[in-house]
Every structure is written in structure tokens, then in C-alpha cells.
Amino acid sequence: MTVKKKTPSRARKSPVAEQPAEDRVDVDPGPGGKPWYVVRRSRVHGTGVFAARKIPAGTRVIEYAGERISAAEADRRHPVNPEDPYHTFFFALESGKVIDGGSQGNDARWINHACEPNCEAEETDDGRVFIVSQHPIERGEELNYDYGLVIDERITPTLKKNYQCLCGADSCRGTMLALKRRKKKA
């Protein structure tokens with residue numbers, strides 16, 4: 001079975017040209033230099049990331065960090081927890097590399113999935129992934145983005161259930177998997 005991972009099809013390319021490293025602002029600084037978020041227990045799933053203050057639209061809240069590994073190494077490492085084989089901190093990049101947020105990762109790995117997200121993942125030209133607010137986020141609101149998990153096998157009802165979405169949105173598709181859109185008949 002090929003590894004399940006957060007996919008670059010859901011991480012849009014950053015429209016901003018990358019600046020030289022010494023001039024680049026990695027994450028938009030919060031007021032007073034404090035982080036934009038806090039980590040705590042989530043009603044959606046396990047641990048979550050929440051706005052510590054109001055976050056303006058377009059803010060780079062946090063970088064998705066972790067060890068950079070090959071897709072083959074990600075396949076070798078999966079599942080990380082055999083008792084919960086459908087849980088992963090892998091984030092696939094356009095280059096074919098994978099960020100393993102479970103190894104050398106940061107708080108971004110705790111951001112939960114939602115079908116109506118308030119954030120999105122943006123991959124820069126140099127292969128970094130930032131979680132960016134799509135609209136203003138109120139203090140205390142849980143941060144989330146659409147994982148759009150991609151797997152290399154037929155999507156069955158059982159597989160959808162294994163990757164069940166718990167976001168509760170009106171438009172919830174019931175799974176964290178990226179579903180193929182059906183072609184409309186003419």
C-alpha cells in the first residue's frame with residue numbers, strides 16, 4: 001500500500017517570489033513577537049491548534065516543519081503507529097519529497113483537517129510549506145486546512161471510513177481523502 005500523505009494538490013504555490021534567506025520573513029510575526037497560535041485539546045480530533053489572537057487574512061501562521069525524506073522512505077516508515085495506521089504527519093511536496101512532521105516537526109503537525117478550512121497550505125518555490133489564513137480568524141478559533149489526502153488505490157466506502165472526517169461542516173464530504181470530482185453529463 002502506498003503511503004497516505006497530505007498532498008501538494010491541496011498546497012497551492014505561493015504567488016510571492018521568494019526573497020534571499022537573509023531578507024525573508026519565514027512566518028508573519030504576531031503582535032509583540034508572540035506566536036499567532038496555541039496548542040491544546042481539540043473537540044474535532046485529539047490535539048489542535050487555536051488562534052491565540054485575531055489572525056488577519058493572508059497571514060503565514062506557521063511553517064510545516066519536519067525531516068525531509070524520499071517517498072520510498074515514507075512508505076518504509078508507514079504506518080508510524082500500527083495501532084492507528086491511518087494517522088500520519090507526512091506532507092508530500094511537488095518535488096516528490098515528503099516532510100515527516102513526526103520527526104523533527106513542529107506544532108503545525110497538530111493542525112486538524114476541515115472541509116471548510118480557515119487556512120490553506122502554500123508550498124514555496126524552495127519546497128517549504130506554510131499554513132496561511134484564508135480569511136480573518138477570531139481568537140480561540142481552531143485552525144484547520146483541507147488535507148486532501150491522496151492514496152494510490154481505489155477509494156472504497158471502507159477506505160473513506162478509515163479516513164473519516166469529523167469537522168462537522170455543512171459541506172463535509174465525510175472523509176479527509178481527496179475525492180475525484182465526477183464528470184457532469186452533458
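Predicted model: local features only at pLDDT ≥ 70, side-chain atom pairs only at ≥ 80, totals over all residues.
Strands of a sheet pair through hydrogen bonds of the backbone, and the pairing may be either parallel or antiparallel. In the present model, an open sheet is formed by three strands, which follow one another in the order S5-S7-S6 with antiparallel pairing. Strand S5, covering residues 67-69, and strand S6, covering residues 90-92, lie at the edges of this sheet, and each of them pairs on one side only. Neighbouring strands of the sheet are turned against each other by 30° on average, direction ignored. S5 is joined by three bridges to strand S7, which spans residues 98-100, and these two strands run antiparallel; within this pair, Ile-69 stands opposite Val-98 in S7.

Together S2 and S3 form a hairpin in which five residues lie between the two strands, and Gly-46, located in the turn, has a positive phi of about 50°. Strand S3 itself, which comprises residues 47-51, is mostly covered, as four of its five residues are buried.

S3 also contributes to the largest nonpolar core, to which S3, strand S4 (60-63), strand S9 (119-123) and strand S10 (129-133) each supply at least two residues. This core contains 30 residues, and among its members Tyr-64, Ile-111, Leu-143 and Tyr-145 are those that touch the most other members.

Notes: Residues numbered from 1 in each chain as written. Heavy atoms only, no water. Pairing = 2+ DSSP bridges. Axes fitted to C-alpha atoms, helices over the stretch in contact; angles between N-to-C directions. Buried < 20%, exposed > 50% of the residue type's maximum accessible area, 1.4 Å probe, protein only. Core = buried A, V, L, I, M, F, W, Y, C linked by side-chain atoms within 4.5 Å.
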